[in-house]
Each structure stands twice: as C-alpha cells, then as structure tokens.
There are 2 protein chains.
Amino acid sequence: MQDKIPYKIYLSEDEIPRQWINVKAFMKEQHAPFLNPATGKPCTKDDLRPVFCDELIDQELDCTHKYIPIPDEIVDFYKMYRPSPLVRAYVLEKALGTPAKIYYKFEGNNTSGSHKLNSAVAQAYYAKKQGITSVTTETGAGQWGTALSMACAFYGLDCKVYMVKTSSEQKPHRKEVMRTYGATVIASPSDTTEVGRTILAEHPGTGGSLGCAISEAIEVATHTPNCRYVLGSVLDHVLLHQSVIGLEAKAALDKYGVKPDLVIGCAGGGSNLGGLISPFMADRLEGKTDTRFLAVEPASCPSLTRGKYAYDFCDTGKTTPLAKMYTLGSGFMPSPNHAGGLRYHGMSPVVSKLYHDGYIDAVSYEQTAVFQAAEQFARTEGILPAPESSHAIKAAIDEALKCKETGEAKTILFGLTGTGYFDMTAYKAFNDGTMTDYIPTDADLQVGFDSLPKVEG
Amino acid sequence: MQDKIPYKIYLSEDEIPRQWINVKAFMKEQHAPFLNPATGKPCTKDDLRPVFCDELIDQELDCTHKYIPIPDEIVDFYKMYRPSPLVRAYVLEKALGTPAKIYYKFEGNNTSGSHKLNSAVAQAYYAKKQGITSVTTETGAGQWGTALSMACAFYGLDCKVYMVKTSSEQKPHRKEVMRTYGATVIASPSDTTEVGRTILAEHPGTGGSLGCAISEAIEVATHTPNCRYVLGSVLDHVLLHQSVIGLEAKAALDKYGVKPDLVIGCAGGGSNLGGLISPFMADRLEGKTDTRFLAVEPASCPSLTRGKYAYDFCDTGKTTPLAKMYTLGSGFMPSPNHAGGLRYHGMSPVVSKLYHDGYIDAVSYEQTAVFQAAEQFARTEGILPAPESSHAIKAAIDEALKCKETGEAKTILFGLTGTGYFDMTAYKAFNDGTMTDYIPTDADLQVGFDSLPKVEG
C-alpha cells in the first residue's frame, strides 16, 4: 500500500495520553463567563456546587493550565477501549478518485457506540472520588445515557437517566442497553419530579423535550443527598475530556510525520469537535501551523451558520446559568423529520468563541445528502456510521472531491464519532426513499430568537 | 498492571495471517464424506459445482494441505477490521476473585457485529474471481446476512438474502443494515421460488424456518446464471476461513509466552469454535500440548451433548448432501423462547469428529444463566455481548470460579464472537425477569431423531 501507512494506526496502551489538553489556555481571549440568571453576575463556584462535582467545576473554570493530568484510574478505564484507531480511508479515497489523503479517528468501537464514554468515565470517576453516590442526566438519542450507564456500572454509582419520552418510545433498544448496565431510565416528562408533574398537567400526552429532561435531572440532583447532575456535551470540562480524541489522533499522525491541512468534525453541542481539534488548534493558536478547521452541522439545526452569538439558557426549561454561545434560542425546536442527534439549540462556548474569532469555519448539510455520504462510506470503509458522524463524512467527501478538481493532495482528518446501529429507523427512511429535508425559514428561526433572554454581553 | 500484559494485545497489520490453517490435515482420521442423498455415494466435485464456487469446493475437500494461502485481496479486506483485539479480562478476573488468567478474542468490532465477516469476504472474493455475478444465502438472526452484504458491496456482487420471516419481522433493523449495503432481503417463505410458493400454499401464514430459507436460496442459486449459494457456518471451508481467529489469538499469546490451558467457544454450526481452536488443536494433535477444548451450546438446542452422531441433511427441506455430524435431526425445532442464534440442528462435521474422538468436551447452559453471565461481563469488561458469545462467557466464568476453589492459576481463552446490539429484545426479557428456560424432553428430541435419514455410515 502506498507510502506504507497502515489502514489503521493503533497506538499502544502506553501511549494513551496521561494529560488532557486545555485549549482555553492557548486562546488569547476567553469566552464570556457563565452568568447567574437571577443576578446577571458571573457564576461563582458556589453557584455551581449543588449541581456539579467540585473537580469538574474547577476544570470548567480553568483557563490557565495548558495540560491537566488524567488520573490513573481513568487511564485504566480508557485502556478497556482506547486507544481508538486512526484509520486511513484508502478504500474511500480510491472510490472518490481523489489525490487527497483522508484519515478518520473512529470512536465507535465501544458499547456506548460513540465518543461520549470519554467524558462519562471522567465525570463518574470524579463523582465517586467526591463521595457522591448517584448521578442524574438526560439523554435524547441515547448515546450519552448509555455511556454514563456504563461508567456508573464500573464505579458502582446509581445512575438515573431522564430519556426524552418520544425517544424512549422510538428507541426501546437504547433503553435496554442502559438497563443492562443497571441504570434507571425514566421517560420524561415524568411524575417523579415537580417540574415533570407541572408539565404533564399543562401538556397531557406531551412527548417531552431535551430541555424538560434536563430540568427533571437537575431537580433530582439538587434534591437528593450525595447526588450530582452530569452533562454530556457543551461545557468546557466535557471538551477537555474529549481532547483525548485529538491527542491520540495527533500522536498517531506524528508517528508518520503527517500534518493535517484540514480537520473536520460534526457539531451538535460541540464536545467531539472541540476534543478532536484541541491539540491541532493549540498549535495554530501558537502560530506553529495554519491548519483549517471545519464544523459541520445539520441545515435543520444551524446554530453556528445561522444562529446568534448571545447569552442564552442551556436548557429549554430556563433553569441553568446563562452561557455566551452561538444559539438558535432555547425555544427553538428542530423539525420532527430530523434524524439522529445534533439537535441542540446552542453550541459549546469554547467552539463558539473560536468560530467567532475566525479560527473555525462552519458548513451545514441537509440530511438526505448526509445519508448518501453515510451509505457510500459504509459500502467502502465497511463501518455503518452514526447520522451525526455522517455530517463530517459528507464534508470530508466534498473537500476530497474539491481536491480532485484542483489536483491538491491535501491531508484531511475527520472525526467518526460513532456507529449507527441504533439509528436504523432513519436508515430505513433513507433506503425507502421517504427521507425528507427541512431548512428552517427565517420566520421559524425568529421564534427561537424571540426566546433569548434580555442580557447584555 | 500485573505481569505487564496489556488489556488488549493488538497485532500489527503486517502480522495478519497470510495463510489459513487447515486442521483436517493434522487429524489422524477424517470425518466421513458428504453423501449424495440420491445415490448414497460420496459427493463428487461435480455434484457440488452447481451450488458452490469451485475454489470453495476444493477447500472443502482438502484434507492434506496444512496451510492454505490467503489471497492478498482478502488480506487487504481483513486490514479494514483486523487484527481483532485479544483482550485480557483483568476487570472480570478481579470481580470474580479468581487466580485464573482469562483472555478473549473479540470479533465484534466490525459492522456485521461478529466473526461471520471473516468467511463472507473470502466467499465473495472467490465468487468474484470465478466470474460469478450474484450470490444467495439464508439468514436467521441476521449476522451472516449482514456480513455477506458487506462483502458483496465491496466486491460489487449482487446479494440476495432469504431471511426467516419471523426474524425479518422481529429484527427489522438487521434487515435495514443489509439493505444499506445494497442487498435484497426477502422474507422467507416467499413467492419468489417454487419451494417458497409450495410452502406458502401448504402453510399459509407460516413464519418460516432456516431450513426453508436455505431451500429457497439454493433454488435461486441453481436457477440463476452466474449465481452461487454461500453458507455461513458448518462446512469445512468456513471453518478454514475462521481459522484466522485462532491464528491471530495464538500469535498474540505467543508474543507474551502464554499457553492456554483451556480454549472455550460457543457452538451453533461450529465455525467460530472450529476457527478459534484450529491452531491450538493442531498443536495438540501433533502431541505438542495437552490443551483442553470446550464447546458450549444452549440446553435448548444440544446437538453435541444430546444429539446422535449420524448422517443427516444440512437443511430441514432435505435438499442438501448428507453430512456425518452430531445432530438432533433436521426435523428438530428449538423452542420459540430460545433467544439468539445457536439454533442449528447439526454441528460442523470437523467439530463433530474431534468431539467424537475425544479431543473436545462439551457443555450446555440454559439461557437465563447465560444472560446473567452476559450482564456481569457487560458491567465489568464494558462490552455488551451477543447471546451466542455469552455461552462461552458463562463457561469461562464457571471455569474461573473452579480455579478460585482449587487455587489453580489456569490460563483460559474464549471466543467473544460478537456484540448484542441487535438482540435487545432478548435483553429486555432478561431485564424484565420474564426470560424463561427450556430443556427439551427425551420425547421432544425423539421427534427430531425420527426425521433422520436411513443411511448406514
């Protein structure tokens, strides 16, 4: 095979990173601080302590340490499924007839089916260390809930997952995976919380929303002794944990002297993208490279490409601190025909700031085109990708086809965040030719923008 | 970590075996030949040519070559998902408190979700090389059909999969994976074949059976130009292809000077077990080791532990050659409460012969105990196992617990053939406490034995 790079570059377990990279410490300007919605003032650690574990709050607010050690216990857990393979897409390249060299970092080879486990294990570990005995969270598509269930089974923590009711009904198999790992899965809204009962009384028969599930999970966490709430994306400490993706990818490429010209990631809450790009972005921020970064989002939920850079709530229930981010407004709801994840109204404050400052480009695709790319990828590279990941595949294929036109042999790296084994209902719609696209009108988006809180900053 | 063996031993791509090992060439006595049911005489190559590819027939009948080269094109495909990891089950060992050292060879890290891809790619490659343009097969649980669909997408072969109707209805997601890889999936019995129409006329509304699906697939293969039938287990050439599992496992263990005392595999048709044990069995047959081998089967379909060693048809439709094997009779049907695969009435002739000659032991387990082992494994080792694979897990745990009693630090290797992501209906029954066990009575078994053909041999 050409230039002797194997199909899959596996690092050894000794090469698993021993420290996460904190991209914020490389940024010239930090994103605006979280605000307490009650006071309009920056959140203090004490504001956050009832909700999040102490160590995670420290990580959330740390803008100075470039590297943060990964505890041995987390490294040991990582050894059960990491290092993940960095794959050279030889077969896809040949099918495209492109001179581009395409690599992907594949995070789907674990039972959670995605990169989510990287942060789930860290958050469960810090909870356990603090003497916490149970955690709560919400899940939509179910990858995050599955990952957290696995981590909690390992550390002996009780785990309560509020799963959006429609998703719980449509994806009963995801729910069973979580139950097999000992988690309690509750369809949200439920009668187990004050906020759930209120919503059920006001909207009998509602299918729920991620925002409602977050509010239920936070209510339980703050009203249960020794319990905390954990979140699977958006927040800075989640991006920090996910930097293990980028660090491994960079170490693998460095072995062969390869420098990516372009790094591509799908973007919902931003944790996979932020984690993948962190070490490469650090180099660029230090002026060592001019690597280009590309965020890919669904046209149906276009927070970066069509959102506003503003303070907003992180949940639709408006109970969280305010974050400065690209957002469609917490009142925005993606169209029901949208398959898979990437349906969050906002975007990681770190990714938002980097995008705002011109370090990241963004593009959006409609889902039928995304599934066409997914099918081509499955049939060439052999892996059935998650709908989320397929956004990055689509962008990588388009960039590779541009190279075919220009004759440039660019090196493209993208994040293949997970597998689509629990998304076959969406694949069926695609296979049947019944999948539809949706691009919100400006009027549709205005509904979300009208929900933005009135905050200067 | 103790004795410096990593959690996962990955070979490099250069270490993928370049030749399969043909365990038959090490056996002092061969299994009895296939018989033509019409003549009662051994099958000739010409008898088999209308059904199987020529090269596969040669492999099927080869008892002399100890090693058979793997074509470069197949090795290149293997590089997309192999070498598969050999995992040291440190976390499970600790949970059990056993001095035993447990290893498992994990074949589930590919989209087919199992070892089946190892033979699917070989069979598709030889078909393509012979100028065949389409293949047919049957699938029950769906792993084999998925693997063959992937291989056919890669080599540009048309692929028609007859899927047992009840399975097709209960596992629509498996069907969609195959469709995504371009296969045509037909619920069997269907009106696309003579045999299907006959069965539908006689049994309107039947849910079908593996035997009927085999008959339909063979009818189409033998009536379509440039088409052949392919089978995912039982046959000698399938075991040959699956020897890549054992060869990689042995190479990985050899790196650390580890010799297994016991090798365990689940057994349905026998291809995974046969492939895993091949190189270790070759050593034993040559008197180099006294490794013990253990086949694990469901108590509900106990071909080795309660079957007869006799000539039988390979399908319930009685259209195939007769094979000498341990069998429950082609008329035996496992109870409907049986989850997952391992529901074949017979057993690989090679495995049967080795068992008959005392080289392999066998044990059977009821499914509730198997799912208990699956849950323990998932919560410790992090991988949600297939129900089939979980039979091997259960036996490995029991053997490790025996070591705990005796204080012996045995080295146990088992095959983790796949993941259970498409088996969550069975996990739900287990999680809900509604899973039931079933052991056929002697009278139940007699029904199957009565279906055995009257053949001496």
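Let's start with one contact: Lys171(A) and Asp423(A) join their side chains in a salt bridge, with 3.2 Å from N to O. Keep in mind that this is a predicted model, and the distances come from its atoms.

**Two domains in chain A**

Chain A is assigned two domains: domain 1 takes in 13–17 + 83–113 + 237–449, and domain 2 takes in 49–67 + 116–229. Their C-alpha centres sit 24 Å apart. On the domain 1 side 26 residues take part in the contact, and on the domain 2 side 27 residues do. Between them, domain 1 and domain 2 of chain A bury about 2,000 Å², and carbon and sulfur atoms contribute 54% of that. Three residues stand out here: Ser112(A), His237(A) and Phe422(A) provide 34% of what domain 1 of chain A buries against domain 2 of chain A, more than any other three residues. As for charged pairs, two salt bridges are counted between these two domains.

**Strand 7 and its neighbours**

Now for strand 7 of chain A, residues 158–164. Is this strand mostly covered or mostly open? Mostly covered: five of its seven residues are buried. On one hand, strand 7 of chain A runs parallel to strand 6 (residues 134–139) of chain A, with six bridges joining them. In that pairing, Thr136(A) is placed opposite Lys160(A) of strand 7. To get from strand 6 to strand 7, chain A passes through helix 6 (residues 143–155), making a right-handed β-α-β crossover. On the other hand, strand 7 of chain A also pairs with strand 8 (residues 184–188) of chain A, again in the parallel sense, through five bridges. There, Val164(A) faces Ser188(A) of strand 8.

**Helix 8 of chain B**

Over in chain B, helix 8 spans residues 172–180, and its buried residues are Arg174(B), Glu176(B), Val177(B), Met178(B) and Thr180(B). What do these buried residues pack against? From chain A, the partners are helix 15 (367–381) and helix 17 (424–432). From chain B itself, they are strand 6 (134–139), helix 6 (143–155), strand 7 (158–164) and strand 8 (184–188). After helix 8 of chain B comes Gly182(B), with a positive phi near 90 degrees.

**Salt bridges elsewhere**

How many salt bridges turn up over all chains? The search of the whole structure finds 63. Here are a few of them, with their N to O distances.

| Pair | N to O distance |
|---|---|
| Lys45(A) and Asp58(A) | 2.8 Å |
| Glu286(A) and Lys288(A) | 3.0 Å |
| Lys129(B) and Glu55(B) | 3.8 Å |

The Lys45(A) and Asp58(A) pair ties helix 1 (residues 45–48) of chain A to helix 2 (residues 54–61) of chain A, across 13 residues. Lys45(A) is partly exposed at 36% relative accessible area, and Asp58(A) is partly exposed at 36% too.

In chain B, Lys129(B) lies in helix 5 (residues 117–129) and Glu55(B) in helix 2 (residues 54–61), 74 residues apart. Lys129(B) is exposed, at 55% relative accessible area, whereas Glu55(B) is partly exposed, at 32%.

Back in chain A, Glu286(A) is partly exposed at 36%, while Lys288(A) is exposed at 57%. Both belong to a salt-bridge network that also includes Lys66(A), Lys250(A), Asp254(A), Lys259(A) and Asp283(A).

Terms used: Residues numbered from 1 in each chain as written. Chains lettered and ligands numbered in written order. Predicted model: local features only at pLDDT ≥ 70, side-chain atom pairs only at ≥ 80, totals over all residues. Heavy atoms only, no water. Buried < 20%, exposed > 50% of the residue type's maximum accessible area, 1.4 Å probe, protein only. Helix = DSSP H or I, 4+ residues; strand = E, 2+ residues; numbered from the N terminus. Pairing = 2+ DSSP bridges. Right-handed = clockwise from strand over helix to strand, strands pointing away. Domains from an automatic or database assignment. Contact = heavy atoms within 4.5 Å. Buried area = accessible area lost by both parts, 1.4 Å probe. Salt bridge = Lys/Arg side-chain N within 4 Å of Asp/Glu carboxyl O.
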